[in-house]
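These are my notebook entries on a structure that I am opening for the first time. I record what I looked up, entry by entry.

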Amino acid sequence: MIKIIGDYMNILFLSNNSITDKLFDWLKNDCNENVIKYDKKIDLGIVKTLKVDFIISYNYRYYISKDIIDYLNNNIINLHISLLPWNKGAYPNVWSFLDETPKGVTIHLVNEDIDGGDILLQKEVFIDESKETLRSSYNLLHIEMQKLFKDNWNNIKNKKIQPRPQCKGGSFHTIADFKKIENIIYSWDMPIRELKKMYRKMVGDNYGE
């Protein structure tokens, strides 16, 4: 059962990426939420010391441990720039093109599985591969993510959205997977079509499998 938190709560905003700053500022200044941004690895002691009621994880590089998950009792969400269950893990935007999988953004509850918790909200996003680059498509996904979050924040924090389990299947990639193909990415401004062409050349007949 998801507990109701109420209007006032202490929010911990976990992120290691400046692209999330606008959303943090919106929560703090426009919504007047009591929110602290944190970019280091957390433990249960920190959560208790800060009297955290709710955690928002958004481009946060560290794993959130089971004791924190249990302690906060479904009051941890993650903002992930993929259409889960596709492209869990690292570099979801890159792999959505290389694997020819659906693109989108997802807000989900955090459990012990990486990007595996029940889904609260998601939106499929069309990306024009003839026009976009890795950077521009990445930025587009974050724009859509932040809009989805802002439009639904009151319902999220007041537990008015019924979580739903993720569909079976999907895909998952690690940082080690990315290391194997990062040499074909000469710039984040690389056009999507060029990236796919380089990848196709690298993997040959295995492309699309």
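Entry 1. I began with Glu 100, which I found in the loop between helix 4 (92-98) and strand 6. I note at the outset that this is a predicted model. The phi of Glu 100 is near 55 degrees, a positive value in a residue other than glycine. For context, most residues other than glycine have a negative phi. I then looked up the accessibility of Glu 100: its relative accessible area is 42%, so the residue counts as partly exposed, since that class lies between 20% and 50%.

Entry 2. I turned to Lys 51, which is not a glycine but has a positive phi of about 55 degrees. Lys 51 sits in the loop between helix 2 (44-49) and strand 3 (54-58). Is Lys 51 buried or exposed? Its relative accessibility is 61%, and Lys 51 therefore counts as exposed.

Entry 3. I next examined helix 5, which covers residues 134-157. Its 24 residues should span 34 Å at 1.5 Å a residue, and I found the end C-alpha atoms 32 Å apart, which agrees. Where is the kink in helix 5 centred? I located it at Asp 151, with a value of about 50 degrees. At the start of the helix, a side-chain oxygen of Thr 133 comes to within 3.3 Å of the backbone nitrogen of Arg 135. Just after helix 5, I recorded a positive phi of about 60 degrees for Lys 159.

Entry 4. I looked up the peptide bond between Leu 84 and Pro 85 and found it to be cis, with omega about 15 degrees. In general, most peptide bonds are trans. Pro 85 belongs to the loop between strand 4 (76-80) and strand 5 (88-89). Which side chain reaches the backbone nitrogen of Leu 84? It is that of Thr 106, at 3.2 Å. I placed Thr 106 in strand 6. Thr 106 is buried, because its relative accessible area is 0% and the class takes in values under 20%.

Entry 5. Last, I looked at a nonpolar patch on the surface. It is formed by Tyr 63, Ile 114 and Phe 172, which together have about 290 Å² of accessible area. Of these residues I followed up Ile 114, which lies in the loop between strand 6 (104-109) and strand 7 (119-124). With a relative accessibility of 47%, Ile 114 counts as partly exposed.

Conventions:
Residues are numbered from 1 along each chain as its sequence is written. This is a predicted model: local features need pLDDT of at least 70, side-chain atom pairs count only at pLDDT 80 or more; totals for chains, interfaces and linings use all residues. Side-chain values use heavy atoms; hydrogens and water are left out. Patches are made of residues with over 30% relative accessible area and no salt bridge: like charges are joined within 9 Å, nonpolar side chains (Val, Leu, Ile, Met, Phe, Trp, Tyr) within 5 Å. Accessible areas come from the Shrake-Rupley method with a 1.4 Å probe; for residues, only the protein chains shown count as cover. A salt bridge is a side-chain nitrogen of Lys or Arg within 4 Å of a carboxyl oxygen of Asp or Glu. Helices (H or I, at least four residues) and strands (E, at least two) are DSSP runs, numbered from the N terminus. Buried means under 20% relative accessible area, exposed over 50%, partly exposed in between (1.4 Å probe, protein chains only). The expected span of a helix is 1.5 Å times one less than its number of residues. The bend at a residue is the angle between axes fitted to the seven residues ending there and the seven starting there. A polar contact is a pair of N or O atoms within 3.5 Å; within protein, one must be able to donate a hydrogen and the other to accept it, and residues adjacent in sequence count only if both atoms are side-chain atoms.
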